[in-house]
Amino acid sequence: MGNNRFALLRGLVVIFLALHLVHGDVSYSIPEEMKRGSVIGNIAKDLGLDLGRLSARKARIDTEDNNVQYSGVNLSTGDLIVQERIDREGLCAKKASCVLKQELVLENPLELHRVSIRVEDINDNSPQFKEESLKFEIQESADKGARFLLGEAHDGDIGENAVQGYSLQQNDHFKLNVNTKAGGRKYCELVLDKELDREDKTEIMLLLTAFDGGSPQRSGTVVIHVTVLDANDNVPVFSQTVYKATLPENSPLDTLVITVSATDADEGLNSEITYGFDHVSDENSNTFSLHPKTGEVKVAGTIDYEKVSSYEMQISAKDGLGLVSYATLIIEITDINDNAPVIYLKSLSSPIPENVSPGTEVGIMNVQDRDSESNGQVRCSIQQNAPFKLVPSIKNYYSLVTTGQLDRELVSDYNITITATDEGSPPLSSSKTVQLSVADINDNPPVFEEQSYSAYVTENNKPGSTLCSVSARDPDWRQNGTVIYSLLPGEVNGAP
Ligand SMILES: *[C@@H]1O[C@H](CO)[C@@H](O)[C@H](O)[C@H]1NC(C)=O
Ligand SMILES: *[C@@H]1O[C@H](CO)[C@@H](O)[C@H](O)[C@H]1NC(C)=O
């Protein structure tokens, strides 16, 4: 129908209304989305019109507001039939009542009837979420009971056919709390029911379903994507509670002893670990270094087994925000044969009388080696060409003992060399010389050079003149070797 003609008709309607020529109204109620050609009702019968004259009177449906011909009249049957798609949501959106207003026009004479078609909702729309997924970032430290508002689902239908409720996929952490707004619309919240643990699960996917109350019921879903954010809830953990290492003494500076390591299940700064010594006594603090980032323990001072044979230290691992844990580091130092034996002369009887019997103890020696085990096991030897030997005594003591008769007149001084050798590899040795002198004993009688002396004396010699000289020798020392001459009393031919 042309616009001009439509305008003309509207003018006529006003006139006829004014003249009370409108004969009566009719109303129908139909569900939306009926197929084209479906019968709404028999309008001829409902208005009491003469079926045979419908065609002659050009019975037709006009629309009030727009020119979409939703319905039409079957002139031969008098049925009001669906002519265009009637979509309640398209016509009335959320209006509770949706009435399509049309007019039945007949000519000759002009007659006008209001036809109201109430369009009933059918459940032809599913609840729908606007977003493809609902994203949340939740701190793992969030408390139980924390709430997170979820978006609403929309459903083009109304009443029971609109969204009636929500349901959440079964899961370990969240439950759903559904509330009703003023006006009856439902919305829901995600409620934390059991605390999150990022180290256990970083991402959680949940399906949220919105359903309507229609029959059959329709529903729509959305994925809730929860990213669990880290909180510093994990302490660094050392790979071992006790670290043990062995290190030879005299190891040079920077020798790597051991590498300790700890891990932290958190992420980012929460998992950045710094290593350090916890309590280090002053004398040990400079012996080793611990790299704060790599955990490498290195030699930083002098390692002397003889001073400290084992170190025990507490080490700590601290994460970025200060959670700390501890482990023990034990470093055993192994011995190196770096100390030669040392001979100490504890006592010496010198000089010793030459007449001492064989087996007399003339000195006591002590031998020490600061190394351990075989590195500290010492054997002592004595030079061969002297009448002395070493007799091992208790522990590392030795007696220096004569092995034969001494004779000062033959050897008056001995330089005795004693050598001590350890059993290390390579062995180390040292020696000591003991000076021993032999004291005199008056054990040699004087011996005259001749067995008898004969002298010839001239007569009348003066008293005091020399007759002859005698000589005796004694190899003993000093007084004991000093010879004193004397004549024994005797008579010669009866005269003294
Ligand atoms: C013993 O050693 C001392 C000093 O080294 C030396 O004067 C002396 O002659 C030595 N004696 C012997 C018997 O070798
Ligand atoms: C001489 O010998 C005696 C023992 O026979 C001894 O006691 C004394 O010390 C000796 N004198 C010297 C000077 O060696």
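Reply: A salt bridge is counted here when a side-chain nitrogen of Lys or Arg lies within 4 Å of a carboxyl oxygen of Asp or Glu. Please keep in mind that this is a predicted model. With that rule in hand, Arg408 and Asp440 form a salt bridge, their closest N and O atoms being 3.0 Å apart. The pair links distant parts of the chain, since Arg408 sits in the loop between β31 (397–402) and β32 (413–422), and Asp440 in the loop between β33 (429–439) and β34 (447–448), 32 residues apart.

Me: Are Arg408 and Asp440 buried or exposed?

Reply: Arg408 is buried, and Asp440 is buried as well, where buried means under 20% relative accessible area.

Me: How many salt bridges does the rule give in the whole model?

Reply: In general, side chains of opposite charge can pair when their charged atoms come close. Here the count comes to 17 salt bridges. One of them joins Glu33 to Arg85, with the closest N and O atoms 2.7 Å apart. Glu33 lies in the loop between β1 (26–31) and β2 (39–42), whereas Arg85 lies in the loop between β5 (79–82) and α3 (88–92), so the pair ties together parts that are 52 residues apart in sequence. Glu33 is partly exposed, at 26% relative accessible area, and Arg85 is also partly exposed, at 47%.

Me: Which residue meets Arg88 in a salt bridge, and where do the two lie?

Reply: The side chain of Asp121 meets that of Arg88, at 3.1 Å from N to O. Asp121 is in the loop between β7 (111–120) and β8 (128–129) and Arg88 is in helix α3, 33 residues apart, so that distant parts of the chain are linked. Both Asp121 and Arg88 are buried.

Me: Which residues are joined into one network by salt bridges that share partners?

Reply: Arg198, Glu199, Asp230 and Glu267 are joined in this way.

Me: Turning to strands, in what order do the 4 strands of the open sheet follow one another?

Reply: As a general idea, strands of a sheet pair through backbone hydrogen bonds, either parallel or antiparallel. In this open sheet the order is β26-β28-β31-β30, and the pairing is antiparallel. The edge strands, each pairing on one side only, are β26 (342–348) and β30 (388–392). Neighbouring strands of the sheet are turned by 30° against each other on average, direction ignored.

Me: How many bridges join β26 to β28?

Reply: There are 6 bridges between β26 and the antiparallel strand β28, which covers residues 361–368, and Val342 stands opposite Gln368 in β28.

Note on methods:
Residues numbered from 1 in each chain as written. Chains lettered and ligands numbered in written order. Predicted model: local features only at pLDDT ≥ 70, side-chain atom pairs only at ≥ 80, totals over all residues. Heavy atoms only, no water. Pairing = 2+ DSSP bridges. Axes fitted to C-alpha atoms, helices over the stretch in contact; angles between N-to-C directions. Buried < 20%, exposed > 50% of the residue type's maximum accessible area, 1.4 Å probe, protein only.
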